[in-house]
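I opened my notebook to jot down what I looked up in this one. Entries are in the order I made them.

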Amino acid sequence: MSQIARVKTGIPGLDKMLNGGLPKGRTILLSGPAGAGKTTLATQFIYKGVLDYGDPGIYVTFDEDPKTVRQNFSGFGWKIQSLEKENLLALVDGFSMRAGVASKEKYSIRLEIDDLLTTLIALIDELGAERVVIDSLTALAISLESELRIRREILKLSAVMSSLKCTTIVTSEMSQSGEISRYGVEEFMASGVIVLDIQEVNQRLMRSIYIRKMRGINHELIRRPFMLSGDGCIVLSSETLYM
Ligand SMILES: Nc1ncnc2c1ncn2[C@@H]1O[C@H](COP(=O)(O)OP(=O)(O)O)[C@@H](O)[C@H]1O
Ligand SMILES: [Mg+2]
């Protein structure tokens with residue numbers, strides 16, 4: 001049996017947990033509570049993908065306006081404007097129409113799966129994109145009225161993304177009760193689930209990361225410390241967890 005091709009995440013320590021990287025062409029759910037670091041990890045996956053691995057990338061933002069997303073990138077010293085000009089990175093504005101304001105961006109979409117997919121299909125072709133981030137699935141799901149529609153649309157998203165052969169990270173806000181998926185289908189539709197967590201230990205908030213599911217890969221089942229710094233995010237060895 002041939003091995004699944006891998007995509008380096010650009011997050012120090014994470015590829016080792018994955019035994020080489022994310023499975024190429026699959027859709028991965030990145031789940032966790034607010035402030036755990038989902039947006040940062042996803043941002044780094046796209047930025048390092050372009051810079052270190054030569055993979056053009058697309059970042060779809062529903063949660064934050066594009067100006068804030070560019071600030072998020074530059075907060076880690078990552079300037080994306082030149083990459084955008086060179087067509088190596090595309091920022092898709094899903095925020096403005098959601099907020100009911102006119103978009104000033106080159107690429108903007110409505111908060112709808114069909115519009116998202118049409119735009120992605122065209123952009124993946126235009127850029128030769130290898131990596132896609134959708135931040136977040138939660139925003140997209142909230143726009144759908146019934147749970148039945150949410151399930152149907154999420155399955156459609158998953159099916160189309162897998163046919164496009166891009167490695168996709170979809171972020172998902174974890175509910176208070178700590179359930180990985182709000183609608184009961186996200187974690188089944190995804191080929192893999194990576195969980196980010198933020199928990200109080202001795203009156204300090206500690207971030208951690210673990211791989212809950214990754215089809216076809218012999219990955220680690222260890223919760224490791226996950227740190228955010230001025231250079232981006234990094235996974236540390238588990239010995240330092242909860243010290
Ligand atoms: N330059 C930075 N250095 C260190 N930590 C940062 C920096 N920028 C943001 N953070 C941390 O990242 C957090 C935001 O993480 P984010 O990736 O947006 O989480 P999520 O998307 O899971 O809600 C902030 O609350 C802050 O603690
Ligand atoms: Mg976020």
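**Entry: Ile209.** I started with Ile209, which sits in strand 9 (residues 204-214); helices (H or I, at least four residues) and strands (E, at least two) are DSSP runs numbered from the N terminus. Before going on, I noted that this is a predicted model, where local features need pLDDT of at least 70, side-chain atom pairs count only at pLDDT 80 or more, and totals for chains, interfaces and linings use all residues. Residues are numbered from 1 along each chain as its sequence is written, while chains are lettered from A and ligands numbered from 1 in the order in which they are written.

Is Ile209 buried or exposed? I found it buried, because it has 26 C-beta neighbours inside 10 Å. (Buried takes 20 or more other C-beta atoms within 10 Å of a residue's own, exposed 12 or fewer, partly exposed in between, with C-beta atoms placed from the backbone.)

Skipping neighbours within four places in sequence, I listed Ile194, Leu196, Arg224, Phe226 and Val235 as the contacts of Ile209. A contact here is two C-beta atoms, placed from the backbone, within 7 Å. I also checked Met189: 20 residues from Ile209 along the chain, with 21 Å between the two C-alpha atoms.

**Entry: the core.** Next I looked up the largest nonpolar core, which has 63 residues. Such a core is a set of buried Ala, Val, Leu, Ile, Met, Phe, Trp, Tyr and Cys residues joined through C-beta atoms within 7 Å. Helix 2 gives the largest share of this core, 6 residues. Leu30 is among those with the most contacts inside the core. Leaving out neighbours within four places in sequence, I saw that Leu30 touches residues including Lys38, Ile169, Ile194 and Leu196.

**Entry: helix 8.** Helix 8 covers residues 147-164. I noted its buried residues as Ile150, Glu153, Ile154, Leu157, Ser158 and Met161. Seen down the axis, these fall within an arc of 140°, so they line one face of helix 8; the arc is that of the directions from the helix axis to the C-beta atoms. Leu148, Ala159 and Ser163 are exposed on the other side. The buried residues pack against several elements, including strand 3 (27-32) and helix 6 (113-127). Just after helix 8, I spotted Lys165 with a positive phi of about 65°.

**Entry: ligand 1.** Which residues come nearest to ligand 1? Of the 13 around it, I wrote down Ala36, Lys38, Thr39, Thr40 and Leu228; near means a C-beta atom, placed from the backbone, within 6 Å. Helix 2 supplies the largest share of this shell, 3 residues.

Definitions and conventions
The expected span of a helix is 1.5 Å times one less than its number of residues.
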